Structures are given as structure tokens and as C-alpha cells.
Amino acid sequence: MTKTKKLVLTISLVVILACGIWASVLMGGSAPTYDGSKVDVVGLYENNSNYDNSKADGAAAIMVNQNLEKTASDNVVFSVVFNFRGYDTLGESFILIAGVAGCLVILRKSKAHGEESDHE
């Protein structure tokens, strides 16, 4: 690897790291969207029929109101990720695996009879 490539790689990684830190600081300083201070979590878990979900609409209404009947799961988050969006999650996983495999195929070093070939 030449010095120029190493320099470009180092600068790129530093810029990406700086952007991530900057975004984290900005998000950490923003006001919370929902603090959950007025929610009785234990009471909600023990008797979720007391939860006011009248403002839910569209797919949210189906997921919240018909969760137990459609999925037989008490945990709504589990049912959304693994039941309502299961095929979507599986598809995303296959796309990520294919992307990583494609990058490995493209970026691998090829050797011909023990010598490095120059594809630069």
C-alpha cells in the first residue's frame, strides 16, 4: 500500500470518526422525545388493557390492538420484529451478507503463482 493510499485512508477514517462523535454530541444534547415519567410499567405489564391506545392508526393500530390475537406474544416489540416484520428483517440480513461477500470478492488480493498481481 502506498503512502498516498494510507494517508487517504487515515484521513477518511478520522473524518468519519469526527462526524460520528459530532452527531452523538448533538443527539445527546437534544431534548428527549418521550421521557416515560408518567407510565406505570409494572401496571402496564400486568394489565395492558388499561393502556390508552386510542390514538394509534394504520399499521400501529393493528400491531397494538390485535397483537395478542395475531401473534400470541405478550411482548409487542418482539412480535413486531419477529412476526410482523420477520420477512423484512430476513431480507435485510441477506442483503447485508451479499454486500459483505461482494466487497470481499472485489477487494481481495489475488496472487498468481505466489506473486501479487498489480490491479491498480
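**The patch and its setting**

Author: From the N terminus on, the chain runs α-α-α-α-α-α-β-β. That comes to six helices and two strands. Helices (H or I, at least four residues) and strands (E, at least two) are DSSP runs, numbered from the N terminus.

This is a predicted model, in which local features need pLDDT of at least 70 and side-chain atom pairs count only at pLDDT 80 or more, while totals for chains, interfaces and linings use all residues. Residues are numbered from 1 along each chain as its sequence is written, and side-chain values use heavy atoms, with hydrogens and water left out.

Confidence comes next. pLDDT is the predictor's confidence in each residue, from 0 to 100. The chain has a mean pLDDT of 79, and 82% of its residues reach 70 or more. Among the elements, helix H1 (residues 3-29) has the highest mean, 92. Strand E2 (residues 115-116) has the lowest, 56.

Now the surface. The accessible surface of the chain is about 10,900 Å². Carbon and sulfur atoms hold 64% of that surface. Areas come from the Shrake-Rupley method with a 1.4 Å probe; for residues, only the protein chains shown count as cover. Of the 120 residues, 4% are buried. Buried means under 20% relative accessible area, exposed over 50%, partly exposed in between (1.4 Å probe, protein chains only).

Here is the patch itself. Val 77, Phe 78, Val 81 and Phe 82 make a nonpolar surface patch of about 390 Å². Patch residues have over 30% relative accessible area and no salt bridge; like charges are joined within 9 Å, nonpolar side chains (Val, Leu, Ile, Met, Phe, Trp, Tyr) within 5 Å. A salt bridge puts a side-chain nitrogen of Lys or Arg within 4 Å of a carboxyl oxygen of Asp or Glu. Val 77 lies in helix H5 (residues 76-84). Val 77 counts as exposed because its relative accessibility is 59%.

Another spot is Ala 60, in helix H3 (residues 59-65). Ala 60 is partly exposed, at 37%.

Last, the cysteines. The structure holds zero disulfides; a disulfide is a pair of cysteine sulfur atoms within 2.5 Å. Cys 19 is partly exposed, with a relative accessible area of 45%. Cys 103 counts as partly exposed at 45%.
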